[in-house]
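Please examine the sequence and the structure shown here before reading on.

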Amino acid sequence: MAEQKRSTKRYRTYGNVAYKPEFEQDPVRRSRRDQMNAAPARRQEPQRRPQPRPRRRPAVRPSVQVRAQTAISPFAVVGIFSVLACTLLLVVNCARLAVVNNDIVELRGTLSDLQDENRTLQAKYELVYDLEAIEAQFLSNGTMVRPNENQTVYLDLSGGDSVVYYDGSKNGLSGILQRAERFFAGLLS
C-alpha cells in the first residue's frame, strides 16, 4: 500500500476555468455495467490558438483652423475699465471704513475717560459750594446775620426784574463793537 500513488486532481481547462477535475489513478478495470452507465468520455478539445487582435488605428486628430485675432471690441475695453474702477472704489471705501471704525473705537475710549473725569470734577465742584461752609464763613466775619424770632423781613418785588452781569469783554473786537453801538445809540437819542 505504501506504493500506491496518491490521488492527485487533474483539471482539464480551456482558458482559465476548470471544467471537471479528474483523479489520476492506476487504470482500474470497470465492470461492463459501470461502463454502460458511465457518461461518454468527452473528447479532448484542441488547444485554441490565440486569435490575432485587430489592429487599432492611431487616433487622428481633426485639424482645426485657427482664425486670426480680430480687433478688440470697445465695449469690452469699457467694461473691463468700469469693473476695475468699481473694484478700486470698493477697496478704497473698505479702507476708509476701517479707518473710521478705528477712530470710533478710539473716541469711545476717550469718551469713557472724559466721563470719569467729569464725575470727579462734579464731585469736587459740589464740595466747593457747600452751603453750610459758605454760611459759616459769612456768619464768622459779620457779613451775614441770622434773624431773630421777633424780626420781620420784607421783600420788595414791586420793581421790574433786573440782572447785573459781569461783562469781561471790554477788550478786543467785541469791546470795540459794543462801544460803537453805544456811541450810535447816544447820537440817535
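**Terms and basis of the model**

A residue is called buried under 20% relative accessible area, exposed over 50% and partly exposed in between, with a 1.4 Å probe and protein chains only. The model is predicted: local features need pLDDT of at least 70, side-chain atom pairs count only at pLDDT 80 or more, and totals for chains, interfaces and linings use all residues. Residues are numbered from 1 along each chain as its sequence is written, and side-chain values use heavy atoms, with hydrogens and water left out.

**Confidence and overall composition**

The chain has a mean pLDDT (the predictor's confidence in each residue, from 0 to 100) of 77, and 71% of its residues reach 70 or more. Among the elements, helix α2 has the highest mean pLDDT, 94, while strand β2 (residues 18-24) has the lowest, 53.

There are 4 helices and 2 strands in the chain; helices (H or I, at least four residues) and strands (E, at least two) are DSSP runs, numbered from the N terminus. Their order from the N terminus is β-β-α-α-α-α. Of the 189 residues, 2% count as buried. The accessible surface, computed by the Shrake-Rupley method with a 1.4 Å probe, where for residues only the protein chains shown count as cover, comes to about 20,500 Å², and 56% of this surface belongs to carbon and sulfur atoms. Of the contacts (heavy atoms within 4.5 Å) with a separation of 6 or more, 13% join residues 24 or more positions apart.

Ile72, Val77, Ile80, Phe81 and Leu84 make a nonpolar surface patch of about 520 Å². Patches consist of residues with over 30% relative accessible area and no salt bridge, like charges being joined within 9 Å and nonpolar side chains (Val, Leu, Ile, Met, Phe, Trp, Tyr) within 5 Å. Phe81, a member of this patch, lies in helix α2 (residues 74-128) and is exposed at a relative accessible area of 55%.

Side chains of opposite charge can pair when their charged atoms come close. The whole structure contains 1 salt bridge, defined as a side-chain nitrogen of Lys or Arg within 4 Å of a carboxyl oxygen of Asp or Glu. The bridge joins Asp116 and Arg119, at 2.7 Å from N to O. These two residues are 3 residues apart in helix α2 and therefore separated by about one helical turn. Asp116 is partly exposed at 42% relative accessibility, whereas Arg119 is exposed at 53%.

**Helix α3: Leu139**

Leu139 belongs to helix α3 (residues 131-141) and is partly exposed, with 30% relative accessibility. Apart from neighbours within four places in sequence, Leu139 contacts Met144, Val145 and Arg146.
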